[in-house]
Structure formats: structure tokens, C-alpha cells
Amino acid sequence: MADPQKIVDGNADGDFFVDTTCINCDTCRQLAPESFEDDGDYSRVYRQPRSEIERKEATRALISCPTGSIGDRSGSKVNSVIEDFPLLIDGNVYYCGFNSPKSYGGNSFLILDKEGNWMIDSPRFTRSLVKRIEALGGLSRIFLTHEDDVADAASFAKYFGAERIIHREALHAEPDAEVVLEGFDSVEILPSFLLIPTPGHTLGHVVLLYRNKYLFTGDHLYLDRTEQSAERRLEVHGRHCWYSYEELTDSVEKLLEYDFEWILAGHGDRGYLPKERVKEQLKELVNEMRADESNTHRR
Ligand SMILES: [Fe+2]
């Protein structure tokens, strides 16, 4: 529970606040951008919610915060939003919420598919989310993009009898995974589900392309939203590139072979771009990254 004695500097006066246990993971800013901002070290409330919708969004952020760092002095309204999760993004694709501290607050997603539902990376194993997923048909598969974001995947797999999918080079994080991806060629594991190895952030990093429309990017690629009035930009986590920036660049270039228009990131924001703009932005990003390779991790 957030501590009002430890409120971060510059938090706007009012009910909602962030305390100094915040790990600045971005979850709240993605869910309630009208209320939360990045102060460099932490998130903080820069403007208190001005409407019921904004209050709802801030409360969703409160329960999804992986470290419980958000408080509401007016009293918990958790029950008013807890069944909002999984939160619909588009079509049959959802954001799970309940980000886990075990994955440094990484996002996880849910696909409701007639051949069986998929979870992409893992949220916290919480009773309310488990019940909601159960009501939506349970889980058949849990795809883990890389070793950082496995969180409670084992608990979800056990509860739902789902098989976990992970690359050989990330298997140390989930050694009991049922399906192990080998090598670095793309593999269509089921029609409409293409797994594309994207080494760079880590060696065993893989993204999922669903229906040639939704790209679940893990920590490979995200949509920047720092300039909210301008078009959002595809970006990579250059400063958090644990394996190889050169291979990260190659893995961004590799995505030019595919069509997609939704970018659904583990860390960093998610959103839509027309697929033609995706291609153009990918080309620009590759050019910028190649120029940066002499000064690795500068971005
Ligand atoms: Fe990661």
C-alpha cells in the first residue's frame, strides 16, 4: 500500500499520489496519461483526475502498478475497475493489467482465439484476473518473449494446463517450459501465430506476429509517446540492450519483411500505426541505429 508520508516531489495536490517505492516502469503513464508523468526518477501525478473517466483510468493504474506505489486518499475504488481487466485493446486482443514486479512491471497481453487463448508474457497471478481469464475460456498457451518477463507464468500454466513457449536461449528463466524454440528462423506455430526470433535485447528474444496485424514485441520495439501532439515513433530500448546493439538493429530490419499495424510492447507504450507508416518508420529507425552503432547504447 502506498505511503502518504513518502510522496514523490512535485506530486499534484489531491487524492492520488505516487510514493518513492515507484520503479518508474511506465505502467501508470500508459494507463492514465492524463494524470501521471515521468519526473526522471519516478512517476508522479502531474494533474489530479478531472472526470470520472480519468478517475477510472487512475484507479486502473493504481491496481496495475507492480510495486503498489500509487495511493488514493479518498479510499480504494479498486472494486469499480477490477473487472475491467483484461482490458480490450482491439478485436480479440487484450492487455492483462496487474503488472508484476518480477518483470519490472512488464506488460502482458491476452489473445482470445478459437483455437485456444494465448497469454503473452506474464502478469501477477491474482485471483480476480485468473477468474476473469477462466470466464473467457482459460489459456492454452503462454508465450514468453524473453527471460525477463516470465513473472508468474508457471502458476498460470499449472492452473490452466497451458503450455509455455520460450526460446532455448531464455530457457534458464523457465526451465520447465513445454515448448522450446530452437534456432533463429521464424516459425508458424499455428496458422496466424508467427514467432520471429529477434536477438538484441537478449539473445533468446522472440516476438509474436498474430494475423499479420498485431506484433507483440516484448522488449524489442515500442511506440514512443513523448511528443503527444506529433505522430508516435517506433523506438528501441538502446540503453537496456543486454546482448548486442548490432543484432538488435538487424532484428529491427528483419521486421521489414512483415506486415503489422499494432505494436504491443512489454516495456514502453503500445498503439496503432498504419502499416505503411510502420514500414517507413522501421526504415528510419534502422538508419538511425546503424549511425549509432559506432556509439553503442546512445539512444
Ligand atoms: Fe527485458
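# Legends to the close-up views

**View 1. Asn-212 is found in the loop that runs between β14 and β15.** The model is a predicted one: local features need pLDDT of at least 70, side-chain atom pairs count only at pLDDT 80 or more, and totals for chains, interfaces and linings use all residues. Residues are numbered from 1 along each chain as its sequence is written, and side-chain values use heavy atoms, with hydrogens and water left out. Helices (H or I, at least four residues) and strands (E, at least two) are DSSP runs, numbered from the N terminus. Asn-212 has a positive phi, near 50 degrees, although it is not a glycine. Its relative accessible area is 53%, so Asn-212 is exposed. Here and below, buried means under 20% relative accessible area, exposed over 50%, and partly exposed in between (1.4 Å probe, protein chains only).

**View 2. Four residues coordinate the iron ion.** The donors are His-146 (NE2), Asp-148 (OD), His-201 (NE2) and Asp-219 (OD), at 2.1 to 2.2 Å. Donors are N, O and S atoms within 2.8 Å of the metal (3.2 Å for Na, K and Ca); water is not among the atoms, so sites may look incomplete. Along the sequence, the spacing of the donor residues is H-x1-D-x52-H-x17-D. Asp-148 lies in the loop between β9 (141-143) and α5 (153-160), and Asp-219 in the loop between β15 (214-218) and β16 (222-224), so this pair ties together parts that are 71 residues apart in sequence. Asp-148 is partly exposed, at 28% relative accessibility. Asp-219 is buried, at 4%.

**View 3. The geometry around the iron ion is irregular.** Angles subtended by the four donor atoms run from 91 to 166 degrees, which makes the arrangement irregular. Four donors count as tetrahedral if all angles lie between 85 and 135 degrees; four count as square planar and six as octahedral if opposite donors are over 155 degrees apart and all others between 65 and 115; anything else is irregular. Ideal angles at a metal are 109.5 degrees for four tetrahedral donors.

**View 4. Helix α4 (residues 127-135) has Leu-129, Val-130 and Ile-133 as its buried residues.** Down the helix axis, these buried residues fall within an arc of 100 degrees, so they line one face of α4. The arc is that of the directions from the helix axis to the C-beta atoms. They pack against β7 (109-111), β8 (118-120) and α5, where contact means heavy atoms within 4.5 Å. Arg-127 and Ala-135, on the other side of α4, are exposed. Gly-137 follows the helix with a positive phi, near 110 degrees. Asp-121 is buried, with a relative accessible area of 2%.

**View 5. Strand β13 (residues 193-197) is largely enclosed by the rest of the structure.** Five of its five residues are buried. Phe-193, Leu-195 and Pro-197 cover one side, Leu-194 and Ile-196 the other. In a regular strand, side chains alternate between the two faces of the sheet. β12 (residues 187-190) runs antiparallel to β13 and is joined to it by three bridges. Among the bridge partners are Glu-188 with Leu-194 and Leu-190 with Phe-193. The hairpin of β12 and β13 has two residues between the strands, and Ser-192 there takes a positive phi near 80 degrees. β13 also pairs with β14 (residues 206-210), antiparallel over five bridges. Ile-196 has Val-207 as its bridge partner in β14.

**View 6. Six strands form an open sheet with mixed pairing.** Their order is β12-β13-β14-β15-β18-β19. β12 and β19 (271-272) stand at the edges with a single partner strand each, so one side of each is left without a neighbour in the sheet. Two strands pair if DSSP finds at least two bridges between them.

**View 7. A cis peptide bond joins Phe-85 and Pro-86.** Omega is about 0 degrees. Pro-86 is placed in the loop between α3 (78-81) and β5 (87-90).

**View 8. Asp-250 and Pro-199 are 8.4 Å apart in space, C-alpha to C-alpha.** In sequence, 51 residues separate them. Asp-250 belongs to helix α6 (residues 245-254). With a relative accessible area of 41%, Asp-250 is partly exposed.
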